Structure formats: C-alpha cells, structure tokens
Amino acid sequence: MNYQHSSVMLAECISALEIRPDGTYVDCTLGGGGHSLEIAKRLTRGGRLVGVDQDANAIAHAGRVLAEHSDKLRFVKGSFFDIKQILETLDIARVDGFLADIGVSSHQLDEPSRGFSYMHDAPLDMRMDESAGFSAADVVNGYGEPELARIISTYGEERFARRIAALIVKQRPINTTLELVSVIKQAIPARARESGQHPAKRTFQAVRIEVNSEIAPLGQAIEDMAGLLAPGGRIAVISFHSLEDRAVKNTFRALEGGCNCPRDFPLCVCNNPRTLQVVTRKPITPGDAELASNHRARSAKLRVAERVDESGR
C-alpha cells in the first residue's frame, strides 16, 4: 500500500492544542498519522492518545508511523461522529484536546480504486469505510432526480445541479468515475466549463458527502467533544469547504452563547451554561510556504475553541 499524506497546518494545529505532556488527546481523523505523531512526541508516559479513523488503511499506516509511541496509543476504527460512544467504550471520561481534519484524505484521493477522484477511472465507490454497504453507485444510480439535484446543489453548491441530475437519470446506469465525469461535462454549458475548476469537482464532492454522511452529524459531534473536554481543553477542527466550516463556526458560536444569569450569581441557574470560548474569531489558513508545496491545502480553514470552567463563566 502506497500511503501518501500531507498533514495540513501541522504546526498551527499543534500550537492550537496547547498540549499538556500528561494529557489525553484524540485525533478524530487519523489519516496518515502526521498530526498524531507530533502530539505523541509531546506526551510523557502519563499521556494518552486515541487515534480514530473509518479507513482501515489509515489505521494500518499510522500504526507503523507511530510504532515507537505505542505505549501511549489506542487506535479505533470508527467515525468521530460516534466519539462519545467510542470514549465510553475506552472508559475515558475527560479529554484535554480533540483534533479533527474533516473530509477526504490525500491517500483516498490518490488511490484510484477508491473512486474518490474525477481524474482516474474506477468503480463508483467513495466509501471512507470500505466495509460500509452504501457507495457512490447507490447514490448515482438509485436516487431520484429531485433528490440528486438537491444533494448536488446543497453539498456541492453546484448551480447546474438540476441539469446534471436530469442527465444522470437519463444516462444511467453509470458504473465508473469517468462515465460520471462525462455526463457532468455534457450537462454543464461550455462557457461554464472554462472557469478553471474541473467541472466534476462540485458534483463529486456532493456525492462523497452523501455517501459518508459528512455534514449532518458534524454539529452534534462537536457538541459531544465539548461535553467531554476538561476545563482549558481545546477542540481544533480543519475544514475544506464552506458547508463544513459553517457548521463548525455555528456550533462553536452556539456553545459559546452560554449563561444568561447576572454576573453576581455564584452559580448558573438558567440551564444554559456556556461551554466553549472561541479562540479563533477568524479561521487560521495555510501560509504561502505550505500552499506552494501542497495545493490541496488551499481551501483549508482551522477553527479552535477552548472549554470554559464548569460554572460556564
């Protein structure tokens, strides 16, 4: 297995987490293990790191990358959307930091057989968890035209969503990635195809998000993380498109709203305790040097929030 992955905003993430050497940390999206390796290097024997990923290839690769830190590590195959249940199973009640690098990994894009890329011919797949039964083929060949148009418009922010959905339905079955690319190109007017962005990018993004249910549970997952954080602990989330970033921003803001009690009350009695303090009012983005070496980082945004004390003040 040729596993290539560049950890986005690595230095920025490690700085944002303010790692405590004896703390407990969770890398919610293990990927190539680059972020986890830098966290593990900063932990003493009393520290713990949990690495979570849906992709068995990612876990296998990270096991090799992090071999010398195995005494501090636990790997879990699963989705960070289930982080509360995962940590309950591991008997972990408090965490000092969560890191989530949302979206498809470089390895998944670069492995043609996975069907994520519009640049390679492969069966329509796009499953982050290859043991899952639901794939891109089920979306493309099974959804009705209105539902296809909805997900392409909503998750891909594609203005020609209706045209693309109509042509998909007309020309299916569509069995491979390049067959789908061909249909998308036919559906989009020639003048729009000359914009510089690959015409299939938005539709492929939309189908991938639908296959892996990437958006809907995101806010709840962040809420679950916030509930598990120790006071002063931090959540750092990297997103790669506007839907993800909006969900992260809005959830952070909602959890920051908090207590409405008068300041002279010793305890919160309004049952709306403040949970997080937003650290990054504007998202952190990659620097010029990183963008020069990793073009896939260009849309990345990092947002960070910190757990307030138990009083919600």
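User: Is R281 buried or exposed?
Analyst: Quick heads-up: this is a predicted model, where local features need pLDDT of at least 70, side-chain atom pairs count only at pLDDT 80 or more, and totals for chains, interfaces and linings use all residues. Residues are numbered from 1 along each chain as its sequence is written, and side-chain values use heavy atoms, with hydrogens and water left out. Buried means under 20% relative accessible area, exposed over 50%, and partly exposed in between (1.4 Å probe, protein chains only). R281 has a relative accessible area of 52%, so it counts as exposed.

User: Which residue meets R281 in a salt bridge?
Analyst: A salt bridge here is a side-chain nitrogen of Lys or Arg within 4 Å of a carboxyl oxygen of Asp or Glu. R281 has a partner with an N to O distance of 2.6 Å.

User: How many residues apart are D129 and K77?
Analyst: Their side chains meet in a salt bridge, 2.9 Å from N to O. This pair links distant parts of the chain, with D129 in the loop between α5 (106–110) and α6 (136–142) and K77 in strand β3 (residues 73–77). Helices (H or I, at least four residues) and strands (E, at least two) are DSSP runs, numbered from the N terminus. The separation is 52 residues.

User: Which helix holds both R150 and E147?
Analyst: These two form a salt bridge, with their closest N and O atoms 2.8 Å apart. They sit three residues apart, about one turn of the helix. That helix is α7 (residues 145–156).
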